Amino acid sequence: MPSNSSAFSDSARPDSPPSLWRNSSFRSLWAGQTASQLGEQSGFIILPLIAVLTLDVDPGQLGALRAVEQAPQLLLTLFAGVWVDRWQTRTVMALSDLGRALIFSAVAACALAGLLRLPMLLACALTVGVLSVLFNTAYQVSLVRLLKRDQLLHGNSAIEASRSASQMTGPALGGALASLLSAPLAIVSSALFFSASFLAIAHIRHRETIPQHPSGPRKMRQNMREGIRFVTGNKILRTVSLASAAFQLSLAATTTAYLLFLPRELHLSAAVIGLALAATGPGALLGALLAARLPSRLGYGPVLIAAAVVGNGIMLCLSALHGNSLTTICALIAINFTFGACGQLINVSIIAVRQAVTPGFLQGRVAATISFAGMGMSPLGALLGGLLADHHGLRAALLISASGLLMSPILMILSPLRRLGRIVPRPDPTYEQAH
């Protein structure tokens, strides 16, 4: 990680350090991650649209689809952290995106042939979820192995900026293609993006130094426990895990109700839905830029709490919207923009904090443990959102689930995280020496 004296005060524009972009392996990683995020973000809206528009699912079934896709976050993430600490991340990422490209192609072919059924879509969603866990764990570790410590902040900013652009264009592209060509044809675009990611990542030439770990089921369990113990024993990372769990549970419930609320309550077309969701992209880009400056000037704790209060709180406004007027569409865009900006500000800052306080040999397991604590709640949240919509209606479900998002800043306020200043602590040197 960069030194405390400089790493968190420099500008984090993607083009800041020339040496970063002279690194051909980093360029391949950045290009592959960008293409992969485009595939993931467009697929995020197209898969539910296939379920809603092609298979005419009800709220409970849509909740089940989203829960199945996100279940690997709960079931597989800790194992993925151990595996990624042992493997070449290039191999993990390339094979994961090749698999997602093949699965989305199969979904499109079955839908166009009239053979697609909900159980088949559930199986595909589950497999995509497994591959997504592997890819998302691997790319975070790949960056740490690929770059020097004083390049990590700039590397994270470059990756997150491209992810922001993908969030902006992916949903809009998915919604537009679903509207113009039909959802089954639109899913082909996701497959093409994943294929492009596979080709880019396959060109990474950097030889990774992989820490040696004993093999065997017993040693794997010990490795997982080591990652969990480090996170639970660190006050900062423990708070991050708890806040992430509360946020992801509520966000998954909110998203399930939201994706039904837009077409069925507000009567918006697929293209307009894509446009509204795409507003998170430019917001996230702004958030990535702010994350390069605000924490080092105002302190990480205050910035994280303020961003969580504003970004999560604004989602309460969704349930007050009515009709498909221009005013409603503009309000949706403003809400999503603000949510995206605050969310990305939090995300980039948290990544910097996590990487700074974590020893190098634990990066994969710590990332996986925090992801498990947070994203592992997503399947439960998706089911909760479907149940709330079934029993209380979409508008009430949206209000209840959005209210739960405020648990995240409350947990931050009640924890030592609020006192985190402009400089992030480094890993305990005695801990690294002991291992």
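# Exercises on helix packing and burial

Helices α4 and α16 are roughly antiparallel to each other, where angles under 35 degrees count as roughly parallel, over 145 as roughly antiparallel, 65 to 115 as roughly perpendicular and the rest as oblique. The structure is a predicted model, in which local features need pLDDT of at least 70 and side-chain atom pairs count only at pLDDT 80 or more, while totals for chains, interfaces and linings use all residues. Residues are numbered from 1 along each chain as its sequence is written, and side-chain values use heavy atoms, with hydrogens and water left out.

**Exercise 1.** Find the angle at which the axes of α4 and α16 cross, and name the residues that make the contact.

*Solution.* An axis is a line fitted to C-alpha atoms, for helices over the stretch in contact, and angles run from 0 to 180 degrees between N-to-C directions. The axes of α4 (residues 77-86) and α16 (residues 363-375) come within 8 Å and cross at roughly 165 degrees. The contact is made by Thr77, Leu78, Gly81, Val82 and Asp85 of α4, together with Gln363, Gly364, Arg365, Ala368, Thr369, Ser371 and Phe372 of α16. Sorting by class, with Ala, Val, Leu, Ile, Met, Phe, Trp, Tyr, Cys and Pro as nonpolar, Asp, Glu, Lys and Arg as charged, and the others, Gly among them, as polar, gives four nonpolar, six polar and two charged residues.

**Exercise 2.** Decide whether α2 and α5 are roughly parallel or antiparallel to each other, and in which hand α2 passes α5.

*Solution.* The axes of α2 (residues 24-54) and α5 (residues 89-112) come within 12 Å and cross at roughly 30 degrees, so the two helices are roughly parallel. The crossing is left-handed, a term used if the near helix is turned anticlockwise from the far one by less than a right angle, with right-handed used if it is turned clockwise. On the α2 side the contact includes Leu29, Ser36 and Gly39, and on the α5 side it includes Met93, Asp97 and Phe104. By class, this contact has six nonpolar, three polar and three charged residues.

**Exercise 3.** Determine whether Ala191 is buried or exposed, and which residues Ala191 touches.

*Solution.* Ala191 lies in helix α8 (residues 183-201), and its relative accessibility of 4% means that Ala191 counts as buried. Leaving out residues up to four places away in sequence, Ala191 touches Ala101, Phe104 and Ser105. Ala191 and Ser36 are 155 residues apart in sequence, yet their C-alpha atoms are 9.5 Å apart in space.

**Exercise 4.** Determine whether Ala246 is buried or exposed, and how far apart Ala246 and Ser408 are in space.

*Solution.* Ala246 belongs to helix α10 (residues 235-264) and is buried, with a relative accessible area of 15%. Ala246 and Ser408 are 162 residues apart in sequence and 5.7 Å apart in space, C-alpha to C-alpha. Beyond its neighbours within four places in sequence, Ala246 is in contact with Gly404, Met407, Ser408 and Leu411.

Terms used
Helices (H or I, at least four residues) and strands (E, at least two) are DSSP runs, numbered from the N terminus. Contact means heavy atoms within 4.5 Å. Buried means under 20% relative accessible area, exposed over 50%, partly exposed in between (1.4 Å probe, protein chains only).
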